[in-house]
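Me: Hi! I have a new structure open and would like a friendly walk through it. Could you start with the words I'll need?

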Amino acid sequence: MPGWLQLTDHDYYRVGGMLYNRPLPGNGGLDVTFEQYQYGTGGAGADGIGFFLVDGSVDLTKAGANGGSLGYAQRNLETGVDGGYLGVGPDAYGNFANDAELRGNGCPDDQKSSVTSRLPVPDTVTLCGPGQGDDGYCFLDSTIEATPPSRPASAPRSPAACVSRGPTRSPPSAPCTSRSARRPGRP
């Protein structure tokens, strides 16, 4: 019987998760498939879910910063995950895609986020690169549209990050789809 795992409650600055602290062999590649649903955010809740890989030589004991950093990157003076290698952020709220709150510190200009404001870009999936402590976790790619379509605030959001907003208490029954990840200005 399918079920779900709730990682955090419905409040601000919560962190929840599972860490697998064993190195995986790197000579055969890695194929990861999972389904995730984000629901019940109601406009004031959770940021998103972070899935990340770290250097296998690191003793992984805790996630990185909370909020828009999704447990992977740094946030203000809170450090990112130790030995960060790649972070994938299905982001309901939309802060993982920008370099606000000191994310992307020390990144070269060509790895800065294409989001130039502190405004969130909701319902996106963003990739961030390696980092350690307060440095790195640079923006690599995202499902951000170069010119987002205009829509009324009450219009339903696209299912880019498999997000369902509203006061529901259970995951949606229909599968979701996503746009392919393309950084604006790149093919």
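Reply: Buried means under 20% relative accessible area, exposed means over 50%, and partly exposed is in between, using a 1.4 Å probe and protein chains only. This is a predicted model, where local features need pLDDT of at least 70, side-chain atom pairs count only at pLDDT 80 or more, and totals for chains, interfaces and linings use all residues. Residues are numbered from 1 along each chain as its sequence is written, and side-chain values use heavy atoms, with hydrogens and water left out.

Me: Thanks! Are F52 and Y72 buried or exposed?

Reply: Both F52 and Y72 are buried.

Me: And how are their rings placed, with what angle between the planes?

Reply: Rings of Phe, Tyr and Trp (its six-membered ring) pair if their centres lie within 6.5 Å; planes under 30 degrees apart are stacked, over 60 edge-to-face, and the rest tilted. By this rule there are two aromatic pairs. In one of them, the centres of F52 and Y72 are 5.7 Å apart with planes at 40 degrees, so the pair is tilted. F52 sits in strand β2 (residues 51-54) and Y72 in the loop between β2 and β3 (84-91), so this pair ties together parts that are 20 residues apart in sequence.

Me: What about Y72 and Y137?

Reply: Their ring centres are 5.2 Å apart and the planes stand at 90 degrees, so that pair is edge-to-face. Y137 lies in the loop between β6 (135-136) and β7 (139-142), 65 residues away from Y72. Y137 is buried, as is Y72. Ring pairs join F52, Y72 and Y137 into a cluster.

Me: Zooming out, how many helices and strands are there?

Reply: The chain has zero helices and eight strands. Helices (H or I, at least four residues) and strands (E, at least two) are DSSP runs, numbered from the N terminus.

Me: How much of the chain is buried?

Reply: Of its 187 residues, 34% count as buried. One of them is Q38, which counts as buried because its relative accessibility is 7%. Q38 is in strand β1 (residues 38-39). Its C-alpha is 9.1 Å from that of P90, 52 residues apart in sequence.

Me: Switching topic: where is Y20, and is it buried or exposed?

Reply: Y20 lies in the segment before β1. With a relative accessible area of 55%, Y20 is exposed.
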